[in-house]
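These are my notebook entries on a structure I have been asked to look through. I set down what I looked up, entry by entry, with the values as I found them.

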Amino acid sequence: MRVITLDEALLRQHCKVLQEQIEAMYHPDLIIGIATGGVKVAEYMFGDVPHITVTCRRPSTKTKENAEGVMCIVRCLPVSVRNFMRMVEAFIMRIRKKEQVLSVEFLEEAMPEAKRVLVVDDAVDSGRTLKSVLEALNGGPEVRSATITITTSSPYVAPDYYLYNDKTLIRFPWSKDYRHEE
């Protein structure tokens, strides 16, 4: 397992490569970004295609948001320690077998009459978030999915398009442990 840190410039490059991979096989007429990371990845892709946002969150996300003081300390730690902490978190998520209930929030009336939809997220860990969003869209248009990385070997659902599928963890500019000067 490895950790890659992407600043804004590297993120834009990764999104461009992912978009080129998608365009070789699929031409969406609507992009759905999964809040929050997927929305940011989607912003750098398909600028001429309408975008909407969907919210789908694990209960643990709220815990991290409420621990901002702790995260300030974590951001000051050396990168090797932060990388180790990410790997431990990924390991814990992988061994956790309990199905988490995820809520998907978006307005169906906000979706235009799209025939081909691309759902974008930043990373697929367990795959529960992506699975929940795809299930919410079931019975609608032709739907494909894309992400920068798949961090586990057997997620509940894998995206159609991705850049990394080798247990690569990405530290994005919006990650709680991201430090600008890396």
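**Entry 1: a cut-off, and Leu137.** I take a residue as buried when its relative accessible area is under 20%, as exposed when it is over 50%, and as partly exposed in between. The model I am reading is predicted, and I keep that in mind throughout. I began with Leu137, which sits in the loop between helix 6 and strand 6. Its relative accessibility is 6%, so Leu137 counts as buried. I also looked up its distance to Val119, 18 residues away along the chain, and found 9.8 Å between the two C-alpha atoms.

**Entry 2: strand 5 and its partners.** Which strands pair with strand 5, and in what sense? Strand 2, residues 30-35, pairs with strand 5 in the parallel sense over four bridges, and Ile32 stands opposite Val119 of strand 5. Strand 6 also runs parallel to strand 5, and eight bridges join these two; I noted Arg116, whose bridge partner in strand 6 is Glu142. As to cover, eight of the nine residues of strand 5 are buried.

I then picked out Asp122, which belongs to strand 5 (residues 116-124). Is Asp122 buried or exposed? Asp122 has a relative accessible area of 14%, and since the cut-off for buried is under 20%, it counts as buried. Leaving out residues up to four places away in sequence, I listed what Asp122 touches: Gly37, Gly38, Val41, Thr147, Ile148, Thr149, Phe172 and Trp174.

**Entry 3: nonpolar cores.** How many residues does the largest nonpolar core have? I found 22, and the members with the most contacts inside this core are Ile22, Met45, Leu118 and Ile148. Helix 1, helix 2 (37-43), strand 5, strand 6 and strand 7 (161-164) each supply at least two of its residues, and helix 1 gives the most, with four. Apart from this core lies another, of 14 residues, which includes Val54, Cys56, Ala114 and Ile150. As general background, nonpolar side chains in soluble globular proteins tend to be buried together.

Setting aside neighbours within four places in sequence, I find Met45 in contact with Cys15, Leu18, Gln19, Ile22, His51, Leu118 and Val120.

**Entry 4: salt bridges.** My count of salt bridges came to four, and I wrote up several of them here. Side chains of opposite charge can pair when their charged atoms come close.

- Lys16 and Glu20 form a salt bridge, with their closest N and O atoms 3.3 Å apart. Why are these two separated by about one helical turn? They are four residues apart in helix 1 (residues 8-23), which means a separation of about one helical turn. Glu20 is partly exposed, at 43% relative accessible area.
- Glu135 and Lys131 meet through their side chains in a salt bridge at 3.9 Å, N to O. These residues too are about one helical turn apart, because they lie four residues from each other in helix 6 (residues 128-136). For Lys131 I read a relative accessible area of 30%, so it is partly exposed.
- Glu142 forms a salt bridge with Arg144, and the closest N and O atoms are 3.0 Å apart. Glu142 is partly exposed at 37%, and Arg144, at 24%, also counts as partly exposed.

**Entry 5: Thr168.** Thr168 lies in strand 8 (residues 168-171), and with a relative accessible area of 0% it is buried. Its side chain makes a polar contact with the side chain of Arg2, at 3.1 Å. Beyond its neighbours within four places in sequence, Thr168 is in contact with Arg2, Ile4, Thr149, Ile150 and Thr151.

**Entry 6: Asp7.** Where does Asp7 lie? I placed Asp7 in the loop between strand 1 (2-5) and helix 1, partly exposed with a relative accessible area of 32%. A polar atom of the Asp7 side chain lies 2.8 Å from the backbone nitrogen of Leu10. Asp7 and Phe172 are 165 residues apart along the chain, while their C-alpha atoms are separated by 6.8 Å. Not counting residues up to four places away in sequence, Asp7 touches Pro173 and Tyr178.

Notes
Residues are numbered from 1 along each chain as its sequence is written. This is a predicted model: local features need pLDDT of at least 70, side-chain atom pairs count only at pLDDT 80 or more; totals for chains, interfaces and linings use all residues. Side-chain values use heavy atoms; hydrogens and water are left out. Buried means under 20% relative accessible area, exposed over 50%, partly exposed in between (1.4 Å probe, protein chains only). A polar contact is a pair of N or O atoms within 3.5 Å; within protein, one must be able to donate a hydrogen and the other to accept it, and residues adjacent in sequence count only if both atoms are side-chain atoms. Contact means heavy atoms within 4.5 Å. A nonpolar core is a set of buried Ala, Val, Leu, Ile, Met, Phe, Trp, Tyr and Cys residues joined through side-chain atoms within 4.5 Å. Two strands pair if DSSP finds at least two bridges between them.
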